[in-house]
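I opened this model to look up a few side chains and the parts around them. My notes follow in the order I took them.

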Amino acid sequence: MTGCLGARVLGCMGARVLGCMGALVLGCLGAVATPAAARAQGSVDADRVVTAVRAAMAPALPYPESDEFGSLPKDGKSTTTWMVKPHAPGDRSIEVIANPLNLANQQRATKAMAQIQASLESAQRRSEAQYERAIAEAKRTGRSQDVDGVTLSDEGVAGARIDAEAHVTIDVDFNKPSYLFSIASSIEPSASRSMSVPGAVAIVTVPSNVYRQKTEPAYDDHFCPAESLVFFGGLGAPDVDRRSETSFQVTAAATSSAAGAPVRSLVLRLRGNDTLIAQILRTSDWNAVLELLK
């Protein structure tokens, strides 16, 4: 297990790479696009919209740029807490990443790594015991059995938590006839009572939490990062629909009130570090975003 853990790339804490596992963990929130929505968005320069959102968030994100991979500060020496990945043409997301050269970030990563190592070693012991039982059963019956390997999911909640706390992803979506987001969580998404954004139709938030799902023959714990959905423009109030004990859908439909505007509706989806999300919501220049809707 030590060799696997050593393959973790500290500079990419928001999207960890383990050389022995070769898998990528994505967030728990997704959006549904339609061909009609794609055509509507295609009539507006998406890069212009994303650039305007980035500029509006500049007061909340006074951090240096990272290199193009989001691994290290572009200057190779900055020790600020965060760094911002530069914009690539066509990219609809803004990535804010924990700076691996920052001492506090290094200390948090080291602490989490110890927890992750314990989880992986436990998973390895379970896998080895299962393998031994499968060999014995094959000798007795002549039938082979599948054996579970060790995967990223075996890192447990600690691995998912360090990912979430080491980044914030801001997805920019606009001009859809409707928006749908799926969230796996033990806590129901709800309208924010503690945070307001000037000009926003609504803010729907989910605090970071651990949720449990049935995985035969037991239950597995999963981590849901903090999330905020900020709705602007010609949209009705978003609805939250519980699909199961740990599954929710947030939907919002466009109204006719913004017909004719180049950018008729806009939704920002922020996921990751809850403290940084609150900072972005509190100190961004939201008037600059509202200019897009005029």
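**Entry 1: aspartate 171.** I started with aspartate 171, which counts as buried because its relative accessibility is 12% and the cut-off for buried is under 20%. I note here that the model is a predicted one. Aspartate 171 sits in strand S4. I then looked for a polar partner and found that its side chain makes a polar contact of 2.9 Å with the side chain of arginine 271. Setting aside neighbours within four places in sequence, I listed the contacts of aspartate 171 as Arg92, Ser93, Val267, Leu268, Arg269 and Arg271.

**Entry 2: asparagine 175.** Next I went to the loop between S4 and S5, where asparagine 175 is found. Asparagine 175 is not a glycine, yet its phi is positive, at about 60°. Is asparagine 175 buried or exposed? I found a relative accessible area of 2%, so asparagine 175 is buried.

**Entry 3: strand pairing.** I followed strand S5, residues 178-184, to its partner S12, residues 247-253. The two run antiparallel and are joined by seven bridges. Within this pairing I marked isoleucine 183, which stands opposite phenylalanine 248 of S12. S12 also pairs with strand S11, residues 239-244, in the antiparallel sense, over five bridges. Here valine 240 has valine 250 in S12 as its bridge partner.

**Entry 4: the nonpolar cores.** I looked up the largest nonpolar core and found 37 residues in it. Met57, Phe232, Leu266, Leu268 and Ile280 have the most contacts inside this core. Which elements each supply at least two of its residues? I wrote down helices H3 (46-57), H6 (274-283) and H7 (286-292), together with strands S2 (82-84), S3 (93-98), S4 (167-174), S10 (226-233) and S13 (265-272). H3 gives the most, with seven residues. Apart from this core lies another, of 14 residues, including Phe181, Val206, Tyr211 and Phe231. As background, nonpolar side chains in soluble globular proteins tend to be buried together.

**Entry 5: isoleucine 280.** I took isoleucine 280 from the largest core and checked its surroundings. Leaving out neighbours within four places in sequence, isoleucine 280 is in contact with Met57, Ala60, Leu61, Val168, Ile170, Leu270 and Trp286.

**Entry 6: aromatic rings.** I searched for aromatic pairs and the count came to one. Phenylalanine 232 belongs to strand S10 and tryptophan 286 to helix H7, so the pair ties together parts 54 residues apart in sequence. Both phenylalanine 232 and tryptophan 286 are buried.

**Entry 7: whole-chain totals.** The protein has seven helices and 13 strands. Of its 294 residues, 42% count as buried. Among contacts between residues at least 6 apart in sequence, 68% join residues at least 24 apart. The protein exposes about 14,800 Å², and carbon and sulfur atoms supply 52% of that area.

Technical notes:
Residues are numbered from 1 along each chain as its sequence is written. This is a predicted model: local features need pLDDT of at least 70, side-chain atom pairs count only at pLDDT 80 or more; totals for chains, interfaces and linings use all residues. Side-chain values use heavy atoms; hydrogens and water are left out. A nonpolar core is a set of buried Ala, Val, Leu, Ile, Met, Phe, Trp, Tyr and Cys residues joined through side-chain atoms within 4.5 Å. Buried means under 20% relative accessible area, exposed over 50%, partly exposed in between (1.4 Å probe, protein chains only). Helices (H or I, at least four residues) and strands (E, at least two) are DSSP runs, numbered from the N terminus. Contact means heavy atoms within 4.5 Å. Two strands pair if DSSP finds at least two bridges between them. A polar contact is a pair of N or O atoms within 3.5 Å; within protein, one must be able to donate a hydrogen and the other to accept it, and residues adjacent in sequence count only if both atoms are side-chain atoms. Rings of Phe, Tyr and Trp (its six-membered ring) pair if their centres lie within 6.5 Å; planes under 30 degrees apart count as stacked, over 60 as edge-to-face and the rest as tilted. Accessible areas come from the Shrake-Rupley method with a 1.4 Å probe; for residues, only the protein chains shown count as cover.
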